[in-house]
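Hi everyone, thanks for making time today.

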Amino acid sequence: MLKHKMSGLLLLLVAAGLMFGCGDKAADEPADTGKTTPASTDDVFVAKEGSLEDLQKVAAALDLEISDVGEIEVHRGSGDDDVTIYWPQENVTKEGLQTFRIDVGDEYEDDGTLEFRIGKKVLYSEPFAPEDTVTVAAIPQSVLDALKRGKTVKWGVFYEGRKKRDSVSRTFKLVDGKKASKRLKKMEGSKHFQRQIPLTRELLRTQVLEDHRLYSEALVQYLGILQVWPDSIQPFRGIVMCCRRMDLKETPLFTIASTFVRGKGSKTSSQYKPRPGATPNTPQAHTSEAKIVLRAPTFQNRGPDGFRPTQLGEHGGTKQPTSQPGTTAPGTAQPGGTGVQPGTARPGDPTPHEGLGRHADELQAHATAQAQEAKMMRELATQMGSLQNEIQNQEREEADARQVLAEKEAEVARLEAYKGERQPGMPPPPENLDELYEQAIKDRNAAEARLEKERLDLAKLQKQYTELQTQAGMDLNELQEATRMAEKMAEHLQGEADKARAAFEMETGTPEQQEQMRQAARIAEREANIAGYRAEINKAEKATQETEKKVMDLRRQIAGLDPDDPTEAGEIARLNQQMTDLNEQWQSERQALQEMKDQLEEFLRN
C-alpha cells in the first residue's frame, strides 16, 4: 500500500532541502566508517563484523544454525564454451522470483534459444545472444503470468539440430514462502536481531532463506550483500553453501567464493574478461574477474540495512532505532550509516576516501529503490486513470441503455392501451397491431438485456478501480501527487549518488582536493543517513497499513455475526480477542512510526 506516502515524501523533501545548506555545519573530521566492535547490553551479544564464531553465537540465540563450510572441493570450473545457469532453480517464492542469471564463455556462438516451459507448453522463447559474459535480467512477464504454486518450470538455453544434446536447462517450482516469511518476522522482532549491525542482520535474514531451501533467493541475497559490503568475507561462505546445494560446484562463482573462504581470494585479479565486442565504456570492460562473476541484480530492492532483494511478506516495521539521530549506541548502526561516531577512527578502518565510495554505493542503492517505487506508483496511477476513463465511458453507455429501455417500455405501454378497453379520443389502432406489439416486446427485452450487461460491465470496472485504490491507499489525485514527489526524490538521490561517485573518482593530490573530498564525504554520509531513515519509515508504514487492514477485516467479520445467536457467541468472543491483540499491535506500530518520523526531524534539525 502507498497510504501515508505523501506525508513521508514531504518529510524527505524537507530533508533534501535542508541538506543543501548543511555542508559547512558538519564536523571538520569526516565521519568514521569503521567496523563496529562487539558489545553486550541487556544480555544481548553483538557479533563483531568478520567473526564467524560471533555470527554463529547470535544465530544460535535466534534458533538458527550457521555451519562451517568444511573442506572445500577443488573443481576445474566451466570451460570457455559452457553455458552456466545460476538462478532461479529448485524452490522459489513469487516475491523472490525477479531475475534470472546465465553466464556464457567466450566461445559461445549466439546460436541458442532462451526458453521457459511448463511441460510441452512454451511460455517464453527468444534467441539468446548476450552482449556480455554474465546476463542478469528480469523474468519474462509471460512466465510470471503463467505461474501457479506447485508448477515446475523448465528453462535454459536450447539448441536445434546436431547441437540439441548440448542444451543446458534447470527447473524451478513456485512455493508460497509463508513459513519463511513468518520466521523472518519473528526473528526481526527479537532484540537479539535488532541490536546487530546491518551486515549481521542481512546475513541472518539470508540464513533463514537457506534454512527454508530457498537457495536461489539466498544466493542472490549474498551477492547483493557483497555489493553493499564489498570487504566482507562472510557472504562467501553462504555462496559456497548455496552453490553446493544447487549443484553449481563446477562454476566460476563457486571457485571464486571458495578462494575467499580459504583466505586466498583477490578482487583485483583480472582473468574473467568481457566477451569480444564489449565496448570500453561498459562496466564489464573495466571490471575484474571477481566483480563480474559476483555481479548481483542491480534493480533488486535494497532495504534499510543496505540490501533486501527478497520481500517475503514485508515483515517488521515496529523496530525502533537503538539510538537518537546523531549518536550511535555500541554495536548498532543508524539506517544507512556506519555505526561509528565521528572522530573515532581505529587502525585498519576505511579511509575517508573509502568511506566516500561506500556512501556513494549506499546512495545509488537508495536512488535505485526509490526509482523503482516511483515507477510502480506511476504504473498504478496510469492504471487507475485509464480505469477512471473507462468507468466514465461505461456510465454513459449505461445511461444510454437506460434511456433506450424507457423508450421501449413506453412503446409497449402505448400498444397495450389498444388491447384494453378503448378510451374516448384514442386514435384507431394500427392494422398490424399484433405484429407491432410482438416486435415491441422483443425490443424491450433486448433493451433490458443490454442495460443489464452495461450495469455488470460498469460494476466490474468499479470493482477493479476499488481494488487499485485499496492497493494505493489513496485516491487518484493523491496518488498522482505522491508519484510526482517520489520521482522528484528519486532524481534528487540519483544526483547525490552521481556527485558522491564523481568526488570519489576525482584527484586528491593537493590539500585543497583532499578537503573537497572530505566535504563530499560528509554530505554523502548525511544524505545516506536521511535516505536510510526514510527507508525504515516506509517499511514501518507498510507494516502499520497491513495491521490496519486486518483490524478492519475483523470488524467486518464481527459485524456480520449475531450476538444473540448462541451458536455464534464463541466465534464472536474469539474474534474480539483477536481484535484486542491487533488493536494493541496497531497502536504500538503507529507510535513507533511517529517516533521514527520525530527522530528524522530531530536529525534534520541537528
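Let me start with a question: which residues form one aromatic cluster with Phe100? The answer is Phe116, Tyr124 and Trp155, which together with Phe100 make up the cluster.

The protein chain has a mean pLDDT of 76, and 76% of its residues reach 70 or more. Over residues 265-288, though, the pLDDT is below 50, and this stretch has 52 contacts in the model beyond near neighbours in sequence. Residues 298-349 also stay under 50, with 172 contacts beyond four places in sequence. Where pLDDT is low, the predicted coordinates should not be read in detail.

Now, back to the aromatics. A search of the whole structure turns up six aromatic pairs. Take Phe100 and Trp155: their ring centres are 5.6 Å apart and their planes sit at 65°, so this pair is edge-to-face, the cut-off for that being over 60 degrees. Phe100 belongs to strand β5 and Trp155 to strand β9, residues 152-158, so the pair ties together parts that are 55 residues apart in sequence. Both Phe100 and Trp155 are buried.

Strand β5 also takes us to a sheet. Three strands form an open sheet in the order β3-β5-β8, with antiparallel pairing. The edge strands are β3, residues 83-87, and β8, residues 134-138, and each of them pairs on one side only. From one strand to the next, the twist averages 20°. Between β3 and β5, which covers residues 99-104, there are four bridges.

The charged end of Lys57 sits over the ring of Phe45, 4.2 Å from its centre. Likewise, Arg117 lies over the face of Phe158, at 3.9 Å from the ring centre.

Last stop: Ala531, in helix α14, which spans residues 511-559. Is Ala531 buried or exposed? Its relative accessibility is 4%, and buried means under 20%, so Ala531 counts as buried. Leaving out residues up to four places away in sequence, Ala531 touches His366 and Leu493. And although Ala365 is 166 residues from Ala531 along the chain, their C-alpha atoms are separated by 9.8 Å.

That's my tour, and I'm happy to take questions.

Key. Residues numbered from 1 in each chain as written. Predicted model: local features only at pLDDT ≥ 70, side-chain atom pairs only at ≥ 80, totals over all residues. Heavy atoms only, no water. pLDDT = per-residue confidence, 0-100. Contact = heavy atoms within 4.5 Å. Pairing = 2+ DSSP bridges. Helix = DSSP H or I, 4+ residues; strand = E, 2+ residues; numbered from the N terminus. Axes fitted to C-alpha atoms, helices over the stretch in contact; angles between N-to-C directions. Phe/Tyr/Trp six-rings, centres within 6.5 Å; stacked < 30°, edge-to-face > 60°. Buried < 20%, exposed > 50% of the residue type's maximum accessible area, 1.4 Å probe, protein only. Lys NZ or Arg CZ within 6 Å of the ring centre and 35° of its normal.
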